[in-house]
Amino acid sequence: MKRVLFALPLLVMASSAFAAGLAVTNNSGLPIDELFASPAGKGAFGANLMEGIKEGALDDGKTATISELASGTYDLKISAPDEGVLCTIKDVKVDGAALTLTAEQGKACK
């Protein structure tokens, strides 16, 4: 019994390590199926941060946890090919483990 109680906190810590990432809430008014980040103004977009996340998980009004993204200022390229969305939202500040994309930011794509 003591072994189980000892192992339980380790199991909880290990599972939370796998859940690490950036929680993105999409209030942009746009669906997002793919999300790419570049340091602001550099145009050096990396891999899709939503790789492996199901389509529709980050539609407008939804929150999804994506790959980790270090704190900083980024240009975010968003894509939803089925809806004809492909645009860049510039100078998005990421600070911590959560990010909310706003309707004002979404206007850059319309």
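Predicted model: local features only at pLDDT ≥ 70, side-chain atom pairs only at ≥ 80, totals over all residues.

Student: How many helices and strands does the chain have?
Tutor: Two helices and six strands. Both are DSSP runs numbered from the N terminus: helices are H or I with at least four residues, strands are E with at least two. Along the sequence the pattern reads α-β-β-β-β-β-β-α.

Student: Which strands form the open sheet?
Tutor: Three of them, in the order β3-β1-β6, with mixed pairing. Two strands pair if DSSP finds at least two bridges between them.

Student: Why is one side of β3 and of β6 left without a neighbour in the sheet?
Tutor: β3 (63-66) and β6 (98-101) stand at the edges with a single partner strand each, so one side of each has no neighbour in the sheet. Neighbouring strands here are turned by 25° against each other on average, direction ignored. The axes are lines fitted to C-alpha atoms, for helices over the stretch in contact, and angles run from 0 to 180 degrees between N-to-C directions.

Student: β1 and β6: parallel or antiparallel?
Tutor: Parallel, with four bridges joining β1 (residues 22-26) to β6. Val-24 has Leu-99 in β6 as its bridge partner.

Student: Now β4. What does β2 do with it?
Tutor: β2 (residues 34-39) runs antiparallel to β4 (residues 72-80), and six bridges join them. Leu-35 is partnered there with Ile-78 of β4.

Student: And how many bridges link β4 and β5?
Tutor: Eight, in the antiparallel sense, with β5 covering residues 85-94. Tyr-74 stands opposite Val-92 in β5. β4 and β5 form a hairpin with four residues between them. In that turn, Gly-84 has a positive phi of about 75°.

Student: Switching topic. How many disulfides?
Tutor: One, taking a disulfide as a pair of cysteine sulfur atoms within 2.5 Å. Cys-87 and Cys-109 form the link, with sulfur atoms 1.7 Å apart. The angle about the S-S bond is 75°, and the link is right-handed.

Student: What does the pair tie together?
Tutor: Cys-87 lies in β5 and Cys-109 in the segment after α2 (103-106), so parts 22 residues apart in sequence are tied together.

Student: Is Cys-87 buried or exposed?
Tutor: Buried, at 12% relative accessibility. Buried means under 20% relative accessible area, exposed over 50%, and partly exposed in between (1.4 Å probe, protein chains only).

Student: What about Ile-89, buried or exposed?
Tutor: Buried too, at 2% relative accessible area. Ile-89 is in β5.

Student: Which residues does Ile-89 touch?
Tutor: Leaving out residues up to four places away in sequence, Ile-89 touches Tyr-74, Asp-75, Leu-76, Ile-78, Gln-105 and Cys-109. A contact means heavy atoms within 4.5 Å. Ile-89 and Gln-105 are 16 residues apart in sequence, and their C-alpha atoms are 6.4 Å apart.

Student: Last one. What share of the chain is buried?
Tutor: Buried residues make up 35% of the 110 residues. Among contacts between residues at least 6 apart in sequence, 62% join residues at least 24 apart.

Definitions and conventions
Residues numbered from 1 in each chain as written. Heavy atoms only, no water.
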